[in-house]
Amino acid sequence: MRDYLLTRRKLLVAAGSGVLGVALVNTVTACSSDSPETPSAAPASQPEADLGGWTRVNMSFVSAYLLIRGDEAAVVDLGVANSSDQIAEGLKAAGSGWNKVKHVVITHLHPDHAGGLEGLTADAKPTFYAGEGDAASIISDREITPVKDGTDIFGLRVVNTPGHTLGHISIFDSSLGVLVAGDALRTTGGGLNGSDPANTADLAQAAESVRKLATLDVKAILPGHGAPLTSGAADALHKLASTIS
Ligand SMILES: [Zn+2]
């Protein structure tokens, strides 16, 4: 518990320090119609901000997120096919490796999030999870465990956030207030936005999911597309929830 208090303080300190992450370049099509981020983000040599064990692997237009706690690691989303080595670089930079990853959560079935199951290193032997509404539609030779709203994975809470896809899930780390939002939220297109309407299965459900996320005690938002929001995240989320329809 004490560690969490310390890391929370670090998280708050990190809030003003800007972009986190491992800058890695990849150019492929996205499930978001927004342009890729301008490459003014962090150079690879820039030290990462401390998000209480969370690290972003920035694959240009889409991100994976790593959580290192003790000797174990979790990964949320896998990028496009054959992103295994890029994620390995992020794990290495964070002092871990694929052999330490025990949990991989896939927020939804789109190929820029679930595609990385293809070409994944044989060193990776985690349990794979996806929302029960999407899990059966993810094509892979790896077994995917369907999870329900409220399921605990490595101390992280599964939050069903349908709309972008019908089985989309987000991950909430309540110990730090870190929300890994998949494509339920994005920071491309200026400020915090909901699911890109051009790539949303059900807009009304997506709006309802934003309102649901706004009920959480959120301190930082880690979206699939765009930079992490580590300052003013709760205010931005409440504002979005009150205006989205
Ligand atoms: Zn998507």
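In which loop is Asn82 found? In this predicted model, in which local features need pLDDT of at least 70 and side-chain atom pairs count only at pLDDT 80 or more, totals for chains, interfaces and linings use all residues. Residues are numbered from 1 along each chain as its sequence is written. Asn82 is found in the loop between strand 4 and helix 2, where helices (H or I, at least four residues) and strands (E, at least two) are DSSP runs numbered from the N terminus.

The secondary structure of the protein comes to four helices and 14 strands. Of its 245 residues, 47% count as buried, a residue being buried if 20 or more other C-beta atoms, placed from the backbone, lie within 10 Å of its own, exposed if 12 or fewer do, and partly exposed in between. Among the contacts with a separation of 6 or more, 67% are made by residues 24 or more positions apart, a contact being a pair of residues whose C-beta atoms, placed from the backbone, lie within 7 Å.

Five strands form an open sheet of mixed pairing, in the order 8-9-10-11-14, two strands being paired if DSSP finds at least two bridges between them. Strand 8 (152-153) and strand 14 (220-223) stand at the edges with a single partner strand each, so one side of each is left without a neighbour in the sheet. Strand 9 and strand 10 pair in the antiparallel sense over four bridges, and Asn160 stands opposite Ile169 in strand 10. Strand 10 and strand 11 are likewise antiparallel, over three bridges, with Leu179 in strand 11 as the bridge partner of Phe172. The hairpin of these two strands has four residues between them, and within this hairpin Gly177 takes a positive phi near 75°. Strand 11 (residues 178-182) and strand 14, by contrast, run parallel and are joined by four bridges, and Gly182 stands opposite Pro223 in strand 14. Four of the five residues of strand 10 are buried, so this strand is largely enclosed by the rest of the structure.

In helix 3 (residues 203-213), Ala206, Ser209, Val210 and Leu213 are buried. These residues cover an arc of only 105° around the axis, which puts them on the same side of helix 3, the arc being that of the directions from the helix axis to the C-beta atoms. What covers them includes strand 9 (156-160), strand 10 (169-173), strand 11 and helix 4 (233-243).

Beyond residues up to four places away in sequence, Ile106 touches residues including Asp77, Phe128 and Ile138.

Asp77 is found in the loop between strand 4 (72-76) and helix 2 (84-93), and this residue counts as buried, with 29 C-beta neighbours inside 10 Å. Although not a glycine, Asp77 has a positive phi of about 70°. Most residues other than glycine have a negative phi. Phe154, in the loop between strand 8 and strand 9, has a positive phi of about 60° and is partly exposed, with 17 other C-beta atoms within 10 Å. Asn82 counts as partly exposed, with 15 C-beta neighbours inside 10 Å. Asn82 and Leu117 are 35 residues apart in sequence and 7.7 Å apart in space, C-alpha to C-alpha, and, leaving aside residues up to four places away in sequence, Asn82 touches Glu118 and Gly119.

Technical notes
Two residues are in contact if their C-beta atoms, placed from the backbone, lie within 7 Å.
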